[in-house]
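Reader: I have a protein model open and I am new to this. Can you show me how to read its features one by one?

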Amino acid sequence: AVPVEDKIPTSDELEMILTATDNSKYKLFFKTLAYTGCRPCEIVRLKLDDIVFKNNCFYVWVAKKRSPIKLPKYFPEILGPELSLWIKSRYNEIKRHDNYVFFNKRNLSNREHITTTQASKVFRASLEKTNLNKFYTIANDLNNPISNEKRKLRNYNLKSLRKYFVSKVYS
């Protein structure tokens, strides 16, 4: 049996996904995931007071531990101006939504911030537009995937953006 490989978006594919994302809030959200390696559940809860622009970092609550801890996550300089512009241009709305940077305009979930479910829907819609919504995970040959059993189709998801970050750090 051929081990299942997890495909990671390339820089070009990430750019295609971002270009296909019409909503500027979600575009910035996806960029933040891809450039910081944070989990979606950490970024949806990002508040104004968590960001320290002079250090190019923000603090997130990591809930994977028994008791949540606050950790600094550093972002590349290219993300800083975009994040800053977003905050300056949406400052009043952010304040109205309990200081959540990625505020929930619709507030259907009675949350002041967007949800990972909402972000996933927007991400899948962007994948549909780019035709990046499916890929093969089992192949003998990059040009012509061959396998005895049916080839498995997989999709990118929000976690793929975290994997994108890790692949960039390793390279």
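Reader: How do the residues of the lining of the largest pocket divide into nonpolar, polar and charged?

Author: First, a caution: this is a predicted model. Now the general idea. Rolling a probe the size of a water molecule over the atoms shows where empty space is left. In this case, the lining of the largest pocket has six nonpolar, five polar and six charged residues.

Reader: What is the volume of the largest pocket?

Author: About 300 Å³. The lining has 17 residues, and the closest to the pocket centre are Asn-23, Lys-25, Tyr-26, Lys-105 and Arg-106.

Reader: Which element gives the most to the lining of the largest pocket?

Author: Helix H6 does, with four residues. H2 and H6 each supply at least two residues of that lining.

Reader: Let me step back to the whole chain. How many helices and strands does the protein have?

Author: Seven helices and five strands. Read them in sequence order and you get the pattern α-α-α-β-β-β-α-α-α-β-β-α. Then look at burial. Of the protein's 171 residues, 40% count as buried.

Reader: What share of contacts joins residues at least 24 apart?

Author: Start with contacts between residues at least 6 apart in sequence; 53% of these join residues at least 24 apart.

Reader: Next, the core. How many residues does the largest nonpolar core have?

Author: Look for buried nonpolar residues whose side chains touch. Here the largest such core has 37 residues. Those with the most contacts inside it are Phe-29, Phe-30, Phe-58, Val-101, Phe-102, Phe-123 and Leu-161.

Reader: Which elements give two or more residues to this core?

Author: They are helices H1 (11-20), H2 (24-36), H4 (79-89), H6 (116-130) and H7 (158-170), along with strand E2 (57-62). H2 gives the most, with seven residues.

Reader: Now the strands. What is the order of the open sheet of three strands?

Author: To read a sheet, ask which strand pairs with which. Here the order is E1-E2-E3, and the pairing is antiparallel. E1 (51-52) and E3 (69-74) are the edge strands; each has a single partner strand, so one side of each has no neighbour in the sheet.

Reader: How many bridges join E1 to E2, and how many join E2 to E3?

Author: Two bridges join E1 to E2. Six bridges join E2 to E3. Follow some residues across. Ile-51 has Phe-58 in E2 as its bridge partner. On the E3 side, Phe-58 stands opposite Lys-73.

Reader: What about Val-62: is this residue buried or exposed?

Author: Compare its relative accessibility with the cut-off: buried means under 20%. Val-62 has 6%, so this residue counts as buried. Val-62 lies in strand E2 and stands opposite Ile-69 in E3. Leaving aside neighbours within four places in sequence, Val-62 is in contact with Arg-39, Glu-42, Pro-68, Ile-69 and Leu-71. Also compare sequence with space. Val-62 and Cys-38 are 24 residues apart along the chain, and their C-alpha atoms are separated by 9.4 Å.

Reader: Pro-81 is my next pick. Is Pro-81 buried or exposed?

Author: The cut-off for exposed is over 50%. Pro-81 has 53% relative accessibility, so this residue counts as exposed. Pro-81 is found in helix H4. From Pro-81 to Phe-53 is 28 residues in sequence and 9.2 Å in space, C-alpha to C-alpha.

How values were computed: Residues are numbered from 1 along each chain as its sequence is written. This is a predicted model: local features need pLDDT of at least 70, side-chain atom pairs count only at pLDDT 80 or more; totals for chains, interfaces and linings use all residues. Side-chain values use heavy atoms; hydrogens and water are left out. A nonpolar core is a set of buried Ala, Val, Leu, Ile, Met, Phe, Trp, Tyr and Cys residues joined through side-chain atoms within 4.5 Å. Buried means under 20% relative accessible area, exposed over 50%, partly exposed in between (1.4 Å probe, protein chains only). Two strands pair if DSSP finds at least two bridges between them. On a 1 Å grid over the protein atoms alone, a cavity is a set of points where a 1.4 Å probe fits but cannot get out, and a pocket is an open set with protein on both sides within 12 Å along at least five of seven lines; lining residues have an atom within 4 Å of a point. Grid points are joined across faces, edges and corners, and a volume is the space filled by probe spheres set on the points. Ala, Val, Leu, Ile, Met, Phe, Trp, Tyr, Cys and Pro count as nonpolar, Asp, Glu, Lys and Arg as charged, and the others, Gly among them, as polar. Contact means heavy atoms within 4.5 Å.
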